Amino acid sequence: MPTNKTVQLSHGGGGKEMNQLITDLFFKAFNNPILASQEDAAKLNMCGHIAFTTDSFTVSPLFFAGGNIGKLAVAGTVNDLAMMAAQPEYLSCSFIIEEGFAIDDLTTIVNSMAEELHKCGARIVCGDTKVVPKGCADGLFINTSGVGRILYPTISAKNLQIGDAIIVSRDIGCHGAAILMARDGLTLESDLHSDCETLWPVVEQLLASNIQIHAMRDATRGGLSAVLNEWAVASNVSITVEESRIPVSNEVKGLCELFGFEPYDLANEGTFLLSVPQEIAQGTIEVMQRYGHCLHAAIIGYVTDKQIGKVILKTPWGSSRYLDLPQGELLPRIC
């Protein structure tokens, strides 16, 4: 472990200090034979249909109730693979670290990444470390890319069918609300935590149960509203959802009322939506609840007819309105 208590520019200089940081921290946390070989590129053994994704993470603050930027980086990339029914296998990871960043905080972040990797069996097999002068980055930025083997190749945003049931895996908006609380220093009496979580275990159970999934997507930036609108356009359908069926915690409702937000627009990092045939929707819920710990999974609506890009929200008072894509900058740097 580096003897300095903060990251120095020398930790990115390619010499002894950089080697010590990589060896004592990153290699130790992410230890596996492919990474340990220290080649210029990882040698991977894969076959069949492959999913490949990449993302960068710049959340502020770096630590929040329920996670940190490291857990978020691994979960976010693994979840993008899982939503394509791809078993996560290999990840790359690049760190951009600001000079003066606390080594203890970096260690906590890296260890949380290792813990999250353990949940899905994926491995970080290559990476990069850059240290930039103080003031050139806000503490820490992380880029991760992921590769996975597709087990069920027909899942697609273009594959929604008339009559499909729309299922949400849990209550929505927790990540965006938790970030808002952490950023504004709110001290409300609540147990609100980000939903940041790796979704591969529950997706694996759905695939093992031979659930016929037409579409699947995690509701990250733009929340539930963004996913439903993207699906409606991609599949050329209308989607009708019942507001009363959408699970929202009291804490998220309260914050939305306080700040004038809609929970449907808030970001999530461990919540996903599925489109499945109506006749197997209840069975899908049972699998998610029994084997995936999705206790609040719910059928929130249906694919109703062929009409481009329309999402209709039915209110508890009998009226209806269009649920549009979020507009403007709701919460900057939530992931």
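This is a predicted model: local features need pLDDT of at least 70, side-chain atom pairs count only at pLDDT 80 or more; totals for chains, interfaces and linings use all residues.
Residues are numbered from 1 along each chain as its sequence is written, and side-chain values use heavy atoms, with hydrogens and water left out.

**Exercise 1.** Describe where serine 169 lies and decide whether serine 169 is buried or exposed.

*Solution.* Begin with the helices and strands, which are DSSP runs numbered from the N terminus (helices are H or I with at least four residues, strands are E with at least two). Serine 169 sits in the loop that runs between strand E7 (165–168) and helix H5 (174–184). Next, recall the classes of relative accessible area: buried is under 20%, exposed is over 50%, and partly exposed is in between (1.4 Å probe, protein chains only). Serine 169 counts as buried because its relative accessibility is 1%. Finally, look for its contacts, meaning heavy atoms within 4.5 Å: leaving aside residues up to four places away in sequence, serine 169 touches residues including Phe272, Met288 and His296.

**Exercise 2.** Find which residues of helix H9 are buried, and work out how they are placed around the axis.

*Solution.* In helix H9, which spans residues 281–291, the buried residues include Ala281, Thr284, Ile285, Val287 and Met288. These residues cover an arc of only 160° around the axis, and therefore they are on the same side of H9; the arc is that of the directions from the helix axis to the C-beta atoms. Among the elements that cover these buried residues are E7, helix H6 (200–208), strand E10 (272–276) and strand E11 (298–305). After H9 comes histidine 293, whose phi is positive, near 60°.

**Exercise 3.** Describe the salt bridge of lysine 119 and the parts of the chain that this pair links.

*Solution.* A salt bridge requires a side-chain nitrogen of Lys or Arg within 4 Å of a carboxyl oxygen of Asp or Glu. The partner of lysine 119 is glutamate 197, at 2.8 Å from N to O. This pair links distant parts of the chain, since lysine 119 is in helix H4 and glutamate 197 is in the loop between H5 and H6, 78 residues apart. Lysine 119 is partly exposed, because its relative accessible area is 38%, and glutamate 197 is likewise partly exposed, at 31%.

**Exercise 4.** Describe the largest pocket by its volume, its central residues and the classes of its lining.

*Solution.* On a 1 Å grid over the protein atoms alone, a pocket is an open set of points where a 1.4 Å probe fits, with protein on both sides within 12 Å along at least five of seven lines, and lining residues have an atom within 4 Å of a point. Grid points are joined across faces, edges and corners, and the volume is the space filled by probe spheres set on the points. The largest pocket holds about 520 Å³. It is lined by 25 residues, of which Ile22, Phe27, Leu35, Gly127 and Asp128 are closest to its centre. Sorted by class, the lining has 14 nonpolar, eight polar and three charged residues, where Ala, Val, Leu, Ile, Met, Phe, Trp, Tyr, Cys and Pro count as nonpolar, Asp, Glu, Lys and Arg as charged, and the others, Gly among them, as polar.
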